[in-house]
Amino acid sequence: MRNVDILIIGGGPAGLAAAVSAYEAGARNILILEREENLGGILKQCIHNGFGLHTFKEELTGPEYAQRYIDKVLEYGIPSQCDTMVINITPDKVVTAVSRGAGLEHFKAKSIILAMGCRERPRGSLATPGWRCSGIYTAGTAQKFTNLKGLMPGRRVLILGSGDIGLIMARRMTFLGAKVLACVELMPFSAGLKRNIVQCLDDYGIPLLLSHTVVDIAGRERLEGVTVAKVDPKTLKPIPGTEEYYECDTLLLSVGLIPENELSTMAGVKISPATNGAEVNENLQTSVDGIFSCGNVLHVHDLVDFVSEESAKAGVNAYKYVQGQLAEDEETLEVVNGFGVSGAVPQHISKKLDEPITIMFRPRGVYKDAKVCIDVGDVQAAEKKSRILTPGEMVTLKFTPEYLRKNANADKITVRVEAQQS
Amino acid sequence: MIKEITCIGCPMGCRITAEVDGDRILSIEGYTCNIGKKYAQEELTLPTRMVTALMKVYGTTQPLSVKTSRPIEKSKIFDCLKEISRHTVMRPIHIGEVLIKNVCGTPVDIIATKELE
């Protein structure tokens, strides 16, 4: 059994940022465990640019953004073990991992940072009819094939869902010589960022079919075509008679991301049904003492910059915990999702909060001329105006301790949107 | 001629309508802030884009990710991609290394975005 002060599970942007900040806070006994053969996580396959505007004030590609953190980890000499898969975590922080090099290993950690990221929602969760033919990939898998392995998934492509990875892949496949027929979105609005819709679809004349979905998949060995139909925007049910057949050999799915919390559950970490990630307090500590969570395993972020920022906080707090400097979680207030708000993080805030914290959430729909409000108990403590809120972009909101003092007897904190739905 | 542009300056995504006569902009309408106006003017006169792509590397099937050193004219994107695909490079390669100078006769270079030992 090896003893580690701070054990970080995952060597992607969250794990790297947590490691770097823990080291800078003073921690010296850190270890990163990574399942893949290199550090960097999904950023390695995101060769498009647009990362780092908040963190580095310049637009970087995924590999470039990851390298900045990898260089820091190397410079500080923070140990990392790649090709190593964690298979169990116990509530008293014993971690079991397997690797080809060392076989089965046990680690006893004083503090654990969960930074495992998320995975893509697969076809199986969609209940789309048709055979299990080849030619159907999640957008991220197709991205891995093209950008890391130099392989070409197909020539005539349809994309289901309008998440950012799907949009980015529409452009990537076009660049590689494929014909992208359309991007099909069930909702009446896209889940992707505006700039991705303009620069990945509009630029190349790829239609975005809102309020449409795939109702049938043809082909037994290889995908031969896909039937698309309009849906009723209210019930989301396909409208008979609106079917259209698209002949294609590839279907890419970009239908959502799910935090990968199997290990968290083993450790006894309480999972929030709203985010599918851990329930955390303002220190990003989970319901299990000394276990922290950050990045996409905590909640799915829109920008990697926010992942780095959040994870840096987890790194510092994990070190404080190891040093015995992290205040005991005594009385906390629950953060409640009000109108238009889903998955606000953190879910618990200490009554003794002394530093400002950031609350993050995703709007449920598209709201114009909106106000985001925080109520402490039933007293409105803060508001922030926004011209537009969309589910594709996270909202960040500062919460300062003075709000708590405005209503000391409050039993909960509500985050809500005040607007007309458009 | 009437042209429609969606502004990407923020999530508002304002629909901007502009009337152009060749290179001359006659009118721009529909923007709600100056970011939109500036974006529309750029899009109408000389739209540019960053291009990211992959390059072949000798002795490996693993491709190298590359990007334009700065945004390149939108009309040259596919020529630029073609030129990148004609090149094969030799390891080691470091981030920022210039791999193609003045791609397609523009002042833009193609640079590496990945470390490859």
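A: From the N terminus, the elements of chain B follow the order β-β-β-α-β-β-β-β-α-β-β-β. That gives two helices and ten strands, where helices (H or I, at least four residues) and strands (E, at least two) are DSSP runs numbered from the N terminus. The model is predicted: local features need pLDDT of at least 70, side-chain atom pairs count only at pLDDT 80 or more, and totals for chains, interfaces and linings use all residues. Residues are numbered from 1 along each chain as its sequence is written, chains are lettered from A and ligands numbered from 1 in the order written, and side-chain values use heavy atoms, leaving out hydrogens and water.

The C-alpha trace of chain B spans about 55 × 30 × 20 Å along its principal axes. Its radius of gyration, taken over C-alpha atoms, is 18 Å, whereas a compact globule of 117 residues would have one near 13 Å; the globule rule is 2.2 Å times the number of residues to the power 0.38. For chain A, with 422 residues, the rule gives a value near 22 Å, and the chain has 22 Å, which agrees.

In chain B, 42% of the 117 residues count as buried, meaning under 20% relative accessible area, with exposed over 50% and partly exposed in between (1.4 Å probe, protein chains only). Contact means heavy atoms within 4.5 Å.

Chain B has 16 positive and 14 negative side chains, and the centres of the two sets lie 4 Å apart. Lys and Arg count as positive and Asp and Glu as negative, without His and the chain ends, and each charge is placed at NZ of Lys, CZ of Arg, CG of Asp or CD of Glu.

A:His48 lies in the loop between strand E2 (30-33) and strand E3 (49-51) of chain A. Leaving aside residues up to four places away in sequence, A:His48 touches B:Thr52 together with A:Leu60, A:Thr61, A:Gly62, A:Gln143, A:Ile168 and A:Arg171. At 12% relative accessibility, A:His48 counts as buried.
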